[in-house]
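I'm keeping a notebook on a protein that I opened today. I'll jot down what I looked up, one topic at a time.

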Amino acid sequence: MSGDNPIHHPIGLFLVQLILILVVTRLLAAILAHFRQPRFIAEVVGGILLGPTVLGQSSKYMETLFPPTALAQLKLVAGFGLVLYVFMVGLELDPRNLRESNLQSISITLSGIIVSICAGFGVSRLLYDHYGDPSVPFTSFLVFIGLAIGITAFPVLNRILTEQRLINTRVGKVTMSSNSVDDAIVWTFLTFVIALIHNTATYLDALYIFLAVSAFALVMWFAVRPALVRLINIGARNESVSQFAFFATFALIILSSWFTQAIGVHAIFGAFLVGLITPHDHGYALHLSEKMEDVVEVLLLPLYFAITGIQTRLDFLNDGTSWGMVILVIVLATAGKIIGCGLAAHFTGLGWRESFTVGILMNTKGLVEMIVLDFGLSAGIINSKVYSILVIMALVTTFMTTPIVAVVYHTYFRHHHLTPVSPTTSHPGKESYELNKPRSSELNVLVCLPNMQTVPAMMAITQMVKQSSRPVHVNALRLIQLSERTSTVLMATDATETLRADPVISVFRTFGQLSQVGVRSLVAVSNPDDFPENIISSAIDTGSNLIIIPIHSDLPIGVTKPEPYSDEQRTFVENVIAKAPCSVAAFIDRGFGVSPTSTTSIKELHVAPAKATNNGQQIFFPFFGGPDDREALLFVSYIAAHPGVSVTILRICPTSVNTSSVAIDVNQEPDTSSGALVDGTLKQSNPALNAGEDPTDDAAISAFLTAYPTAKLDKIDSPTPVQAIVQ
């Protein structure tokens, strides 16, 4: 009614709870993101702050915002969000990984689970004696604690591996494979345990329920999945994913969840099965995840984790014994995974450092841990005190994973595999080309594709280079920013399907096929700060001798701007150059791939257009001399083979002014006060480099002019070369 307090209405109270939970958890997530911590930690901690432990110390606060009746309503909505999220968890767990699992992965998984259960047996006795309910059989308590300690969180682990750029390393692949096996075993075991807990039945009754769920899973895999595959294939002929396919999938989620709930397990098992059988063909799993993730992960899932935090009563841990138990549980849980998984990893072929890293990664907790603890609390197997101890264990073990992996393994990996290469140091994949070398030298170029805007210019460059008689190999690296969305983690874990479905790489690959240029597709999904190392790793893996970094400018041709690119872009290029094993080209694109009549100035392969002409692409190349300029001249020789390209070389002769290679933006006014352009357009160099003309430079130019007689050569001898170049 008008004038009533909206909080007194169920919908009004729910909306206030929703806003409060979302705001608090988002603020905490923003803080913890600086430490690269998963969002579920922020959501659980947010629930602890909103619950009885902190704000709930005020009885008026709890009675107003979280009364028991309203908390039940909140749990209902959160439960539905949990069903949808568990479906997405099953979507991430690709069954192909299980088929590819080898003896090493199975050994690591079984060893970790067995040792964790043994560790759980010791701590279970202490917890049961101090806080257990005598009416609960110790065997049930033991099985529950062992399961809680032995769980590994698949979604959280996937994100950590992706963020730490370990997804394609040996450690990452072994951990992913082992975690897939671990998830299969844990979910199977969890089905039996939940059947036993929910039905307070005998072990034989629980076995019957388990067998019923197993039979249902077989029907879903062998009968329902093929029908879903055919439906997706039919829809993919007309569009990426049909709307009816989405409807069919959601109907399956609801029906399967209802069935598993009806037979006495839990609705989440039905949702998990549907996610597990959903095909990844035609990018369907990725598209489905993209459509669901925002509503589920932003709106619904935080409610579930917040309820977990609200149910955590840290105020009950009010003595030294309780906190001693917390420390003991954390130590035993961590030791069980490190010893069990680590030793198995070492004895199956990994080094000690890699094995330790596998053990730490397999100790990650997450959603499944919270589900198990919630079931145990609801069934009365554990009380609020034990529940709180285990929640703290889950938070601490997950929180420490990222920093320990970064220190123990990731820093070591960087030091041994990505060390900077000095200009005089040879490196596999790097060749110092000279024009008077045999024409059989091949160009192996790594082209970076961060978005669709950069594709036209890279296609234009590739088309020009293709005209050369020398072999050209193109490696197209698709750079995708890792976000909070599950879909980006799916892109990282299923690179093959990502490369098949991604529109940017698909367009470039199709262009390569039509142009008869061999294009090798690669993908890197990571934080933007890690893109330079993704590029460097890809260059090393592909043996590239040139990296092209496109920098797209929104300025139209002919518009003057003091800086050709931003500070962030400059830092990005500098980070790549600092460690690159080969030459690096920063291509400043102002419509090069769109307009065929722009004049282009190339220097150290920094490119900027000037004015339009009617003679095709005009390449203007200021040549100061030295190895950098000869490398750039080599690349110009590939472009010059194109019939629509004309080249003008401006030879800057040595004078009393000492200059090195420059990157010229011909639209920029020169800075005459210091004799150098601002930031890397014109740089001072070692005087010894330009003390006299280098015969190698003249030989390179002569070889170029012999190969391309239509090219023009001009020379200037000026103490102010920048002004002369602009003129």
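Below are my entries, from the whole chain down to single pairs of residues.

**Entry 1: ground rules**

I noted that this is a predicted model, where local features need pLDDT of at least 70, side-chain atom pairs count only at pLDDT 80 or more, and totals for chains, interfaces and linings use all residues. Residues are numbered from 1 along each chain as its sequence is written, and side-chain values use heavy atoms, with hydrogens and water left out.

**Entry 2: the whole chain**

I looked up the helices and strands first: the protein chain has 27 helices and ten strands.

Next I checked burial. Of the 727 residues in the protein chain, 56% are buried. Buried means under 20% relative accessible area, exposed means over 50%, and partly exposed is in between (1.4 Å probe, protein chains only).

The protein chain exposes about 30200 Å², and carbon and sulfur atoms supply 62% of that. Such areas come from the Shrake-Rupley method with a 1.4 Å probe; for residues, only the protein chains shown count as cover.

Then I looked at contacts, meaning heavy atoms within 4.5 Å. Among contacts in the protein chain with a separation of 6 or more, 78% are between residues 24 or more positions apart.

How many bridges join S1 to S2? I found seven between strand S1 (residues 443-449) and S2, and the two run parallel. Two strands pair if DSSP finds at least two bridges between them. Val447 has Ala476 in S2 as its bridge partner.

On to strand S3 (residues 519-526): eight bridges join S2 to S3, and these run parallel too. Here Asn475 stands opposite Arg520 in S3.

I also noted that S1, helix H19 (residues 455-466) and S2 make a right-handed β-α-β unit. Right-handed means that, with the strands pointing away from the viewer, the path from the first strand over the helix to the second runs clockwise.

Strand S2 (residues 472-481) has eight of its ten residues buried, so the rest of the structure largely encloses S2.

Lys337 lies in helix H14 (residues 320-347). Is Lys337 buried or partly exposed? It counts as buried, at 0% relative accessibility. Leaving aside neighbours within four places in sequence, Lys337 touches residues including Gly112, Ser116, Asp182, Gly359 and Asn363.

With neighbours within four places set aside, Ser322 is in contact with Tyr131, Phe316, Leu317, Lys385 and Ile389. I also looked up Ser322 and Val386: they are 64 residues apart in sequence, and 9.2 Å apart in space, C-alpha to C-alpha.

**Entry 3: salt bridges**

Side chains of opposite charge can pair when their charged atoms come close. The rule for a salt bridge is a side-chain nitrogen of Lys or Arg within 4 Å of a carboxyl oxygen of Asp or Glu, and by this rule the count is twelve.

I picked Asp530 and Arg36, whose side chains meet in a salt bridge (3.3 Å, N to O). Asp530 is in the loop between S3 and helix H23 (531-542) and Arg36 in the loop between helix H1 (10-33) and helix H2 (39-50), so the pair ties together parts 494 residues apart in sequence. Asp530 is buried at 5% relative accessibility, while Arg36 is partly exposed at 25%.

Arg39 and Glu43 make another salt bridge (3.5 Å, N to O). They both lie in helix H2, four residues apart, which is about one turn of the helix. Arg39 and Glu43 are both buried. A network of salt bridges links Arg39, Glu43 and Glu297.

My last pair was Arg485 and Asp294, with a salt bridge at 3.0 Å, N to O. This pair links distant parts of the chain, 191 residues apart: Arg485 is in the loop between S2 and helix H20 (486-493), and Asp294 is in helix H13 (residues 284-311). Arg485 is partly exposed at 38% relative accessibility, and Asp294 is partly exposed at 34%.
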